[in-house]
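Thanks for making the time this morning. I would like to go through one model with you, residue by residue where that helps, and I will give the cut-offs as the terms come up.

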Amino acid sequence: MLTVALPKGELLKNSIRLLKSVGLDFSAFLDSGNRQLQILDASGKARGIKVRVSDVPVYVEYGQAQLGIVGDDVLREKKPKVARLVDLGFGGCRMSVAVKASSAYKSPLDLPTDCRVASKFVNSARDYFQSLDLPVEIIPLYGSVELGPITGMSEAIVDIVATGKTLKENGLVEIATLYESTAMLIANPLSYRLNKDGMSEWINRLREEVMSEKAGVKG
Ligand code: PRP
C-alpha cells in the first residue's frame, strides 16, 4: 500500500488539502483530539504517517514511505537521497541571516571574524559562511533561535523567515538571504523507478493539480 509521509506543523494543513484534492483524504490528522500517527485515507487506498518535518525525508529515503511532503529548506540542510518531484508552491519562506536591529552589522561581511552564529540549520549556515570565506562558530540550537542575539550568546542567526513577524517582535533584522524555500513532493528513488503501488498515477495527479492551482493564481 502507498504510504505518504506528512509533515507536522506549518505544512500539514496545505499538504492535507492538496492530497484531498487528488483523492487521498487524511483530514483525520487535523482533528485536534486525534493522536494517531498513522491512518488510512478515507477510501482505504493509502496510508498516511504524520512525522516531524525533518523526519519526512528519513522515512522516504529508507522506503517506509514512498512519497512525502517536506520543505526545501530541510532537503538543502539534510541532503537526503530522495527524488524531488514537484514544487508544491505553498509553505513559502526564506533562509536568512539576521542580527539585532540595533547592531552595526548591515551585511554578513560586517560580522567579526570568529563570531558566533546560532542556527537550527547548521549545514546551511556553515556552507554559507564558508562561501563568504568568513570563519564563524556555528552554535546548534533546536528552536527559538532568535534568543541567540537577544541574550548575547551569538552575534547573528541563520533561520527561516516566513512572515517576518518573529524577527520584528524580537528586535532583529535580516541582513542576507541564503535561499528561498517552498514545500516539495519527494519520493523514494527506487520505489519511484519501479512505480511501486502505482505511485506514478498519484504523482501525476498531484503535479496536474499544482499546475492548475498555479495557473489559477496567475490567471
Ligand atoms: C520558525 C522559524 C522562526 C519562525 C519564523 O520557527 O525558526 O522562528 O518560524 O516565522 P515568521 O517569519 O512567520 O515569524 P518555528 O515556528 O518552527 O519554531 P521554533 O523556533 O521553536 O523552531
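Aspartate 133 is found in the loop between helix 4 and strand 8 (137-140), where helices (H or I, at least four residues) and strands (E, at least two) are DSSP runs numbered from the N terminus. This is a predicted model, in which local features need pLDDT of at least 70 and side-chain atom pairs count only at pLDDT 80 or more, while totals for chains, interfaces and linings use all residues. Residues are numbered from 1 along each chain as its sequence is written, and side-chain values use heavy atoms, with hydrogens and water left out.

To stay with aspartate 133, this residue has a positive phi of about 65° although it is not a glycine. As background, most residues other than glycine have a negative phi. At 68% relative accessibility, aspartate 133 counts as exposed; the classes are buried for under 20% relative accessible area, exposed for over 50%, and partly exposed in between, with a 1.4 Å probe and protein chains only.

Lysine 79 also has a positive phi, of about 50°, and is not a glycine. Lysine 79 lies in the loop between helix 3 and strand 5, and is exposed, with a relative accessible area of 55%.

Which residue forms a salt bridge with lysine 79? The partner is aspartate 127, with the closest N and O atoms 3.6 Å apart, where a salt bridge is a side-chain nitrogen of Lys or Arg within 4 Å of a carboxyl oxygen of Asp or Glu. Because lysine 79 lies in the loop between helix 3 and strand 5 and aspartate 127 lies in helix 4 (residues 122-131), the pair ties together parts that are 48 residues apart in sequence. Aspartate 127 is partly exposed, with a relative accessible area of 37%.

In general, side chains of opposite charge can pair when their charged atoms come close.

Is aspartate 72 buried or exposed? Aspartate 72 is buried, with a relative accessible area of 4%, whereas arginine 76 is partly exposed at 37% and arginine 84 is partly exposed at 47%.

The backbone of aspartate 72 has a neighbour of its own: its nitrogen lies 3.3 Å from a polar atom of the side chain of serine 181. The backbone nitrogen of aspartate 73 lies 2.9 Å from a polar atom of that serine 181 side chain. Serine 181 lies in strand 10 (residues 172-181) and counts as buried, at 4% relative accessibility.

Let me turn to the ligand. The residues around it, each with a heavy atom within 4 Å, include Lys120, Glu146, Asp159, Lys165 and Thr166. A polar side-chain atom of lysine 120 lies 2.5 Å from an oxygen atom of the ligand, the corresponding distance for glutamate 146 is 2.6 Å, and for threonine 166 the distance is 2.4 Å. Taken alone the ligand exposes 490 Å², and the protein buries 65% of that, with areas from the Shrake-Rupley method and a 1.4 Å probe.

Terms used
A polar contact is a pair of N or O atoms within 3.5 Å; within protein, one must be able to donate a hydrogen and the other to accept it, and residues adjacent in sequence count only if both atoms are side-chain atoms.
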